[in-house]
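I would ask you to keep the structure in view while I speak.

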Amino acid sequence: WRRARSMADSARAASADLVLAAAAVRKLASRDAPCALHPLPHLVGGELHPEQVKAAVAWLVGQRLLLSENDLRCPHQRLAGALLDRILDGQTAEGRALIGRLITAALTDPALPLGGFALLLRELTFGRDYGRWRPLLSPAALGFARSRAWTAATTAEIREACWFFNESSSE
């Protein structure tokens, strides 16, 4: 992941960094579930117009930072975490606030697995600068995710809930 900084810088120069951050958050929080184009404009809100999102996606696919225009995932989960760390590092306060909203949206999405929440928290905690991005986590979103974790019923859900509680214990 030595090239993560240059990849993030290139995405920023192409005005594609926020779209890449949205894809990275989704990749981590969904535990690598496929992502179509239609949720991305909603995730980045009014910050980018749909045409800007489409242009950014086309550029990111061309650079092989996303799999395809029909599957908006980073090629690897660890790369998604490294890119998210580097994108956050180069953002303005407004950009970080937007990415914080993306993280909040992920943590409050009942369709995403608890294991994805745990992975996202881990990547935000163990990036280059230990714990630097933890303040982006909304206490309300963490509370929602914790209450959801308490309702885990199957063995797999309980395992993921335990992992999530372990990762969120420092909050």
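First, the conventions. Residues are numbered from 1 along each chain as its sequence is written. This is a predicted model, in which local features need pLDDT of at least 70 and side-chain atom pairs count only at pLDDT 80 or more, while totals for chains, interfaces and linings use all residues; side-chain values use heavy atoms, with hydrogens and water left out.

Let me begin with the core. By a nonpolar core I mean a set of buried Ala, Val, Leu, Ile, Met, Phe, Trp, Tyr and Cys residues joined through side-chain atoms within 4.5 Å. Buried is under 20% relative accessible area, exposed is over 50%, and partly exposed lies in between, with a 1.4 Å probe and protein chains only. The largest such core has 56 residues, and those with the most contacts inside it are Leu20, Leu84, Ile99, Ile103 and Leu120. Elements giving two or more residues to this core include α1 (4-13), α2 (17-29), α5 (77-89), α6 (93-107) and α7 (114-125). The helices are DSSP runs of H or I, at least four residues long, numbered from the N terminus. Of the elements, α2 gives the most to this core, with 10 residues.

Which residues does Leu84 touch, not counting residues up to four places away in sequence? They are Ala21, Ala24, Val25, Leu28, Ile99, Leu120 and Leu124. A contact here means heavy atoms within 4.5 Å.

The expected span of a helix is 1.5 Å times one less than its number of residues. For the 14 residues of α9 that gives 20 Å, and the end C-alpha atoms are 20 Å apart, which agrees. Within α9, Ala161, Phe164, Glu167 and Ser168 are buried. These four lie on the same side of α9, because they cover an arc of only 125° around the axis, the arc being that of the directions from the helix axis to the C-beta atoms. What covers the buried residues of α9 includes α7 and α8. On the other side of α9, Thr155, Arg159 and Asn166 are exposed.

Finally, the charged pairs. A salt bridge is a side-chain nitrogen of Lys or Arg within 4 Å of a carboxyl oxygen of Asp or Glu. The structure holds 9 of them. In one, Arg5 pairs with Asp89, the closest N and O atoms being 3.0 Å apart. This pair links distant parts of the chain, with Arg5 in helix α1 and Asp89 in helix α5, 84 residues apart. In another, Arg26 pairs with Asp109 at 3.8 Å between the closest N and O atoms. Arg26 lies in helix α2 and Asp109 in the loop between α6 and α7, so this pair ties together parts that are 83 residues apart in sequence. Arg26 is partly exposed, at 22% relative accessible area, and Asp109 is partly exposed as well, at 23%.

The side chains of Asp71 and Arg73 also meet in a salt bridge, at 2.6 Å from N to O. Asp71 is buried, with a relative accessible area of 15%, and Arg73 is buried, with a value of 15%. Salt bridges that share partners join Lys27, Asp32, Asp71 and Arg73 into one network.

Is Lys27, then, buried or exposed? Its relative accessibility is 2%, so Lys27 counts as buried. Lys27 has its place in helix α2. Leaving aside neighbours within four places in sequence, the contacts of Lys27 include Asp32, Arg73, Cys74 and Pro75.
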